[in-house]
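Here is a short report on one protein chain.

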Amino acid sequence: MSENEVIASLRQARDRFLAFAFCRADLLIELSDTHKIVFISGATQSLFGRTVDDLTGQSLLDLVVPHERPVLHQLLNGMVGGDRPDPINIRFVKKSKEPRDLSITGYYVEDLEKHFFLSCKIPSAHAVTAPQVHDRLSFGQAVIEHQKSNPEDKLTFIELENYDEFSKRLTKETRSELSETINSYLRASSSEANSAASFGNGRYGLISRPDLDIEHLSNEITRQVQAADPTGVGLKIEKASIALADSGISGGNAAQALSFMIQQFAQDHNQAFSLEELAHSLPEILVRIQKTATRIKNVINGADFMIVFQPIIDLKTRRTHHYEVLARINDETGSPQDFIRSAEDLNLIKGFDLAVCRKAIKWLENNPSKNFRRQLAVNLSAASIGEQDFIEKLIPMLEPFKDTPEKLLFEITESTKIPDPVLANQSIQSLRKLGHKVCLDDFGVGEASLQYLRMFQIDILKIDGSYVREALNDTTSTHILSSIADLCKKLNITTVAEMVEDEATTNMLIGCAIDLGQGYYFGRPCNDITVFEEPDKPKIVVRRGQSSETWS
C-alpha cells in the first residue's frame, strides 16, 4: 500500500469514528490539561457564533456563563479522578444572543497528554428539562434513592443565617445573581453535579462524595455572599454533614426519617433539631422522627381522632350550603396543622385522608336527616390526590353514595405541591364523574394556584382568607376578589371566601359577587351539627377528652 493510500485509509478511519461520534453528539471538544481547546468539531457557528479557528486555543471556561463555571470546573476535575460522568447541562455564552444549554459528558486520558475528550449535545427542544437544582420534595426523593446505591456519600445542610434581613440589602438583580452563583457552586460540589437543592430563605441541601471539602465550599459561598453585600459584611454560614450510612437505622424507616428531616429543615418549621445537633446526634434525631411516624400511624390505624363541622353559608340567603369536615386529634388541643404537616412530610397523609373519609362516610350513613341539608366536604391533601393508589382505594368507599353523590364533596388543599398534576386531574375527574363536587382550597397562596385552575376542571374555588381579611381596608384586595369571582362565573365555578368575621365583610363579599362564605361569623367548628341546624336549642357537645361543654 502506497503512502497516499495509507493516509487515505487513516483519514477514512478518522472520518468513520467522527461519524459514529456525531451520532450521539453535536460537538466534539478536546481540551488540554489547562482546559484550553486544542480540537473542536461540529456546530460551532450555530452554538457559539464563532469559527473553529476562533475557538481553538480558547479556555472552555471562558465560553461558559460566569455562575456556571464552577460546575464545569468540578466536572473536569471529576474526570481526572477516573469518572465518566452522566451528561449534565451547562449554559454557554453565544455572541449577541441568549446563552444556551449544552449537555456535556466526557473522559480524561492521562496517556494522551492528560487531555479531556468531551461530547456535547444540544438538549431537545421537546425534552422535559430537569431543574438545575432540586426543590424540597424532589430532593427528599433523591436522597432516598441515593442512599440505596451510594450509602457512603454525605448529606449536607447549609444555612445562611438571617438571610431574610440580608436579602433586603440587595437589589433584585443581585439577589438573583447570588442565588444562581450559590446554586452553581452546590451543583459543582454535588454527586454527579445533579444532587443539590435550594429551599429558599438561604437554606440549601447537598449530596456529595465523602471526600468533598465542605469547609472549602462554605468559604467559597461566604466569599460570594460578602461580595454581593453592599456593606461588605456578608453572613455567617451554618452547616452540618452526615454520612448516609451513619444514620443508625436501615430500610424504609431510615429513608422515611431522612426525608422527614429534609422537609423540616427546608420549610423552616419549629424544627425538631438544629444544625449543630444534627452534626452530632443524628441517630437520636432519627429515633425522635420515627416516634412521630409511629404516633401518626397509630392515630390512623385506630381512628384516634374526631371530626367536627364548620358551616359554609350562601351569602345572599344565609342558608347553609354544606359543611367542611375538620379533624381533631384526640389528646391534642387546637388545629391539627402540625400533625397533618408531619404526615405529609413522612408520606403518611394518604392513610390519614382515607381515615377521615371513612369516618365522614360513616357519619353520613348513621345520621340521615329529612329536615336539614347534610352535605359534607372532606379535605384531601394535594399529595394524596396526585397518587394513583389513593384514588383506587377511595373510589370503592363511595359506593353508598352512588344515588346521592351530592352529600359528599372533596376539597383539595395546596399545602404541598401536587407531584403529578395530570394524574391529579384524572383523579379529580373520576370523582366528578361519580357526581361528587370538587373544591380547590387555599386559592391564591398555594404552590401553583393559577396553573391548577387552568389545568383542573373543578366545581368550587375557595379563596384564601388573607385576601378577605385585607379587603375591607385595601382596594387592591377587593379588586382581586371581584376579578376572581368574575373569572369563576365565566368558568361556571362557585366561589367561597374564608375568614368571614363580621357583617361588614359579608356585605363586601356580596358586593364582589362571591357566592359562599365561611368563618367564625357563621359558626366555629363543632362536633354537633345540630348546633347550626337548631341554633336556639342548647347543646351539650363532646370534647376530645370525652368531657362535656356547652356550646353557644
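The report below describes a predicted model.

**Whole chain**

The chain holds 21 helices and 19 strands. Of its 552 residues, 48% are buried. Contacts between residues at least 6 apart in sequence were also sorted by separation: 63% of them join residues at least 24 apart. The chain exposes about 27,700 Å². Carbon and sulfur atoms supply 48% of that area.

**Nonpolar cores**

The largest nonpolar core has 95 residues. F352, L376 and L394 have the most contacts inside it. Helix α13, residues 349–366, gives this core its largest share, ten residues. A second core is separate and has 27 residues, among them I37, L102, Y108 and C120.

What does L376 touch, beyond residues up to four places away in sequence? Its partners are F309, Y323, V325, A360, W363, L364, K407, L408, L409 and I529.

**Helix α8**

Helix α8 covers residues 214–228, 15 residues in all. From first C-alpha to last it reaches 21 Å, close to the 21 Å expected at 1.5 Å a residue. D213 caps the N-terminal end of α8. One of its side-chain oxygens lies 3.1 Å from the backbone nitrogen of E215.

Which residues of α8 are buried? They are I214, L217, S218, E220, I221, Q224, V225 and A228. Viewed down the axis of α8, these buried residues fall within an arc of 160°, so they line one face of the helix. An α-helix has 3.6 residues a turn, so residues three or four places apart point the same way.

The buried residues of α8 pack against the elements tabulated here.

| Element packed against α8 | Residues |
|---|---|
| β6 | 154–160 |
| α6 | 163–167 |
| α7 | 172–189 |
| β8 | 203–208 |
| β9 | 237–243 |

**T495**

T495 sits in strand β16, residues 494–497. Is T495 buried or exposed? Its relative accessibility is 1%, so T495 counts as buried; the cut-off for buried is under 20%. Neighbours within four places in sequence aside, T495 is in contact with L461, A485, C488, A513, I514, D515 and L516.

Notes
Residues are numbered from 1 along each chain as its sequence is written. This is a predicted model: local features need pLDDT of at least 70, side-chain atom pairs count only at pLDDT 80 or more; totals for chains, interfaces and linings use all residues. Side-chain values use heavy atoms; hydrogens and water are left out. Helices (H or I, at least four residues) and strands (E, at least two) are DSSP runs, numbered from the N terminus. Buried means under 20% relative accessible area, exposed over 50%, partly exposed in between (1.4 Å probe, protein chains only). Contact means heavy atoms within 4.5 Å. Accessible areas come from the Shrake-Rupley method with a 1.4 Å probe; for residues, only the protein chains shown count as cover. A nonpolar core is a set of buried Ala, Val, Leu, Ile, Met, Phe, Trp, Tyr and Cys residues joined through side-chain atoms within 4.5 Å. The expected span of a helix is 1.5 Å times one less than its number of residues. The arc is that of the directions from the helix axis to the C-beta atoms. A polar contact is a pair of N or O atoms within 3.5 Å; within protein, one must be able to donate a hydrogen and the other to accept it, and residues adjacent in sequence count only if both atoms are side-chain atoms.
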